Amino acid sequence: MPVQPWPVHPLPSPAGPPRSSPVPVVAAVFLGLWIVGLTVVTQLGGWLTDQLLLLVGVDRLVWLWPVATVAVVVLAGIPTLLLALLPRSRVVRAVGQLWLVGLLVFGALSLPRALPLVQHEAYLATLAGTAGLAALVIHRLVSHRIAPTSKEGEPGRRAPRPAPVTLLGLAGGLALLLPWVWVGALGGLLETLLAALAAAAVGGLAAALLPAAFWSRRSADAPPRPGQLVLVDGLVAGVVLLLLGAGVGQSGAQLPLLLTLPPAGFALAALAATARRSATGVGPAIAGLVGLSVFGPLAWADPEEVSLVLATARDVPFWVAVAAGASGIVAVLLALGYGVVLGRRPGRPSRTVAGMAAATLLVATGAVAVGPGQPGLHGERLFVVLREQADLSDVPAATGRAGRDRRAAEVYRRLVETAERTQAGLRRELRRFRLDHTPYYLVNAIEVDGGPLVRAWLAGRPEVDRVLVSQQVRPLPAPAPVTGGDAAPPPGAEWNIRLIRADRVWSELGITGTGVTVGSSDSGVDGTHPGLAAGFRGGDDSWFDPWNATSAPRDRGGHGTHTLGSAVGRDGAGVAPGATWTGCVNLDRNLGNPALYLDCLQFMLAPFPTGGDPFRDGRPHRAPEILTNSWGCPALEGCDPGALQPAVAALTAAGILVVVAAGNTGPRCRSIEDSPAFHPDVLTVGAVDQQRRVADFSSRGPGLGGVAKPDLVAPGADVLSALPGGGYGALSGTSMATPQVAGVAALMWSANPALIGDLPRTRRILTETATAVQVEGDRCGDEAHVVGAGLVDAYAAVRAARG
């Protein structure tokens, strides 16, 4: 028998000397519970803290995870160190020493979590290196205490074929991986390869932490009952695996492993008992089972999408919970099945049966991956911003409908010419390297397939200003449900319409928005909704869906139908019910990226027919006069502060009024920080409730860079509007307030077409006719940073516009 690597010795048999004091065993039990509880609470609490900061728009705390990790290592490590040194029982001391090593490994693996979520490849590479180095160090320390052996599967001799125990370990790992393959989706090629490398390193680390000697501390001449062996060793190993899982994965990705790996400890205990009886090694079985378990959440889930932002629908967090729950159930079944069948059955398991089980699960995993799963690679793309942007400083500021159309045509011409000239060389190189790409002109930029190496190459080119990561959402196994409404149409003008006096514009001034078109970039529009169907402008250039390539207006989320309904909806829900509308889908499942936002903004500047080329087939004379935008592009989606600035500047130069939501990260001051809300060129809108009080969620200024924001406020709390399916429902947010200001502008331009394209005068009328609102709490240094000029007043603004 080899010399034991850990300072552990056999427990006394029932016929041996009298039992020692049970106090150390009880202490070990309570310490294990303390380690488990502390680890689970800090991991869940750290993720929730990350998510709450995201929801309120605060930058991620870089120090959060290192501090939480050190806290766990110290608070659990001190009593664990005492358990490793003080008890008279050498077995209890060995357990303490093993858990202490597990805590140190957890600390080492957790520190890379301070890397930004968007740098997932760098994180996976760091994780693989850290886990591999830790496994090597532990293996070297253990190997010095082990004598060579000639038994099958031990270091002295290599088995010619995989042992049955190894095959059963691989089968268990594949069973734990299968739910992830079914409901998840892979990222990019490099990301997937690095995830596989990291998972293999973590599997090897698990085998180093739980070597054959750990499972062999019972004496061969007086072994305990098999059930006791599996139970006790499984509990001890479960704590180690919990610590290992807690250190693996970015914020959120480690949570499923807290559910899956601890029960797997009992399955490993049963495999180890079988390996001892058959004189084979258990290390490959541990590495295979743990490595494949870890590979699931590392490769088939994007940590950026394991987010509360997506938790309101059946989106990625839901499916991650499904996969984690299914894997947890599989782990429990493996523990019971292996424990009962292997732990109690004498002799060597059948190699044929074990091989068939592993082969069957391997084939099933492959079949699921290419069948009911989400096959293919779905990694991030790169958004390449070029140095030269079109010069629009001297575009004539003509007004009126004809003047606006001439401005839009000139802006479109200059933008396309600049993009074609400056992108030619780069696009030629991208074609040569077979890198799929999409050029843009509204911002002189190109979206490109590629990872870190392509990014480094692009960043070094002289015509490139910077390279951003354009986030891509991974596909779902089933569509998320559409938000529908079950409320009836309002019997008359809704409270928000009356509050801004739009109903008086209809009844007293006879203005409803006729002759003006409002463009909506959002989750889509239910074009069959009774409150919106009649207002669709029609033609082959009034709808564009870059997400799903739908040919007619539809909405898979509900947000876009609601916002557009507040702008131009009939039945008393919309501010300008006589206006027409066009639509574009720039959000899917509440997420976007710089390229998709540009897809829609380009379409709004120069609409093109279905299947047309934005560079060749744009029709600037068909551009809507006003754009309502209830979205923002934060760093999480790939935008930096200047990513969309050329776009809003170009739309402004074309005489198109861009109305934008301030955001829902209030009441924190300086919370208007996502593009395009803080840009001076746009009209930024906050929200008030029915009592004319600023809503707590409404973002406050000043905007990024000290820009005076918001410009105005409008009703945004419990606003009733259209929802997909023909019904109505109430939603809250600055998203709901924004389209109402766009609707007021449509009323103004309908009342006075000469005002179309005259953005300075339109802005001046809107702000000068606004009315006071109540500001409670922090005024952020100036009341204007909370409410701007005040509550928009449709009646006063239209009268001033008619002037």
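Predicted model: local features only at pLDDT ≥ 70, side-chain atom pairs only at ≥ 80, totals over all residues.

Student: Okay, so is glutamate 673 buried, exposed or partly exposed?
Tutor: Glutamate 673 has a relative accessible area of 24%, so it counts as partly exposed.

Student: And which side chain does glutamate 673 meet in a salt bridge?
Tutor: That's arginine 668, at 2.9 Å from N to O. Arginine 668 is partly exposed too, because its relative accessible area is 27%.

Student: Which residues get joined into a network by salt bridges that share partners?
Tutor: Arg537, Asp540, Asp541, Arg619 and Arg622 are linked that way into one network.

Student: How many salt bridges turn up in the whole structure?
Tutor: A search finds 32. One of them joins arginine 413 to glutamate 410, with the closest N and O atoms 2.8 Å apart.

Student: Where do arginine 413 and glutamate 410 lie?
Tutor: They both sit in helix α13, which covers residues 400-432. They are three residues apart, or about one turn of the helix. Arginine 413 is partly exposed, at 48% relative accessibility.

Student: What about arginine 461 and glutamate 463, buried or exposed?
Tutor: Both are buried, and their side chains form a salt bridge at 2.9 Å, N to O.

Student: Switching topic: what's the strand order in the open sheet of seven strands?
Tutor: The order is β8-β9-β7-β10-β11-β12-β13, and the pairing is parallel.

Student: Which strands stand at the edges?
Tutor: Those are β8 (543-544) and β13 (712-715). Each has a single partner strand, so one side of each has no neighbour in the sheet.

Student: How many bridges join β8 to β9?
Tutor: Two, and β9 spans residues 580-585. Phenylalanine 544 stands opposite cysteine 584 in β9.

Student: What is valine 290 in contact with, leaving aside neighbours within four places in sequence?
Tutor: Its contacts include Val202, Ala206, Leu244 and Leu268.

Notes. Residues numbered from 1 in each chain as written. Heavy atoms only, no water. Salt bridge = Lys/Arg side-chain N within 4 Å of Asp/Glu carboxyl O. Helix = DSSP H or I, 4+ residues; strand = E, 2+ residues; numbered from the N terminus. Buried < 20%, exposed > 50% of the residue type's maximum accessible area, 1.4 Å probe, protein only. Pairing = 2+ DSSP bridges. Contact = heavy atoms within 4.5 Å.
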